[in-house]
Amino acid sequence: MNIEKIYKRISQNTEIPEFEKTLISQNFKFHKYRKNHIIIKENEDCNQIFFILKGAIRAYYLNSLGSEVTRAFTFENEFSTNLISFSQQSFNNENIQCIE
């Protein structure tokens with residue numbers, strides 16, 4: 001089951017109480033995206049955390065010259081988001097794209 005992969009990743013250093021597992025399962029939704037799909041666009045609210053079950057994503061922004069600058073790659077069994085934008089519910093300056 002997909003949710004088990006999330007539990008396993010979180011519990012690498014500790015046991016997860018059942019009530020927390022319930023919260024996790026209630027708040028994670030599973031989506032499939034095609035290669036090159038932009039999941040979160042620059043200037044959109046970044047109000048999600050992503051857990052990669054299969055494939056990879058990249059986070060990038062456009063610099064002042066209009067060139068793409070990759071900030072991060074995220075691979076299977078890892079979490080990703082624009083942490084500053086997500087945690088502060090502030091301006092999102094980057095795109096998050098499926099690359100695999």
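Predicted model: local features only at pLDDT ≥ 70, side-chain atom pairs only at ≥ 80, totals over all residues.
1. R71 sits in strand 4, while E94 belongs to the loop between helix 3 (83-88) and strand 6 (95-98), so the contact ties together parts that are 23 residues apart in sequence.

2. Have a look at the surroundings of these two side chains. E94 has a relative accessibility of 2% and therefore counts as buried, the cut-off being under 20%. R71, at 43%, counts as partly exposed.

3. In total, the structure holds three salt bridges. Another of them joins E68 and R58, with an N to O distance of 2.5 Å. Here strand 4 (residues 68-75) contributes E68 and strand 3 (residues 56-62) contributes R58, so this pair ties together parts that are 10 residues apart in sequence.

4. Buried or exposed: how does R58 count? With 12% relative accessibility, R58 counts as buried.

5. The remaining pair to check is E18 with K21, a salt bridge whose closest N and O atoms are 3.7 Å apart. Both residues belong to helix 2 (residues 18-27); they are three residues apart, which means a separation of about one helical turn. E18 has 56% relative accessibility, so E18 counts as exposed.

Note on methods. Residues numbered from 1 in each chain as written. Heavy atoms only, no water. Salt bridge = Lys/Arg side-chain N within 4 Å of Asp/Glu carboxyl O. Helix = DSSP H or I, 4+ residues; strand = E, 2+ residues; numbered from the N terminus. Buried < 20%, exposed > 50% of the residue type's maximum accessible area, 1.4 Å probe, protein only.
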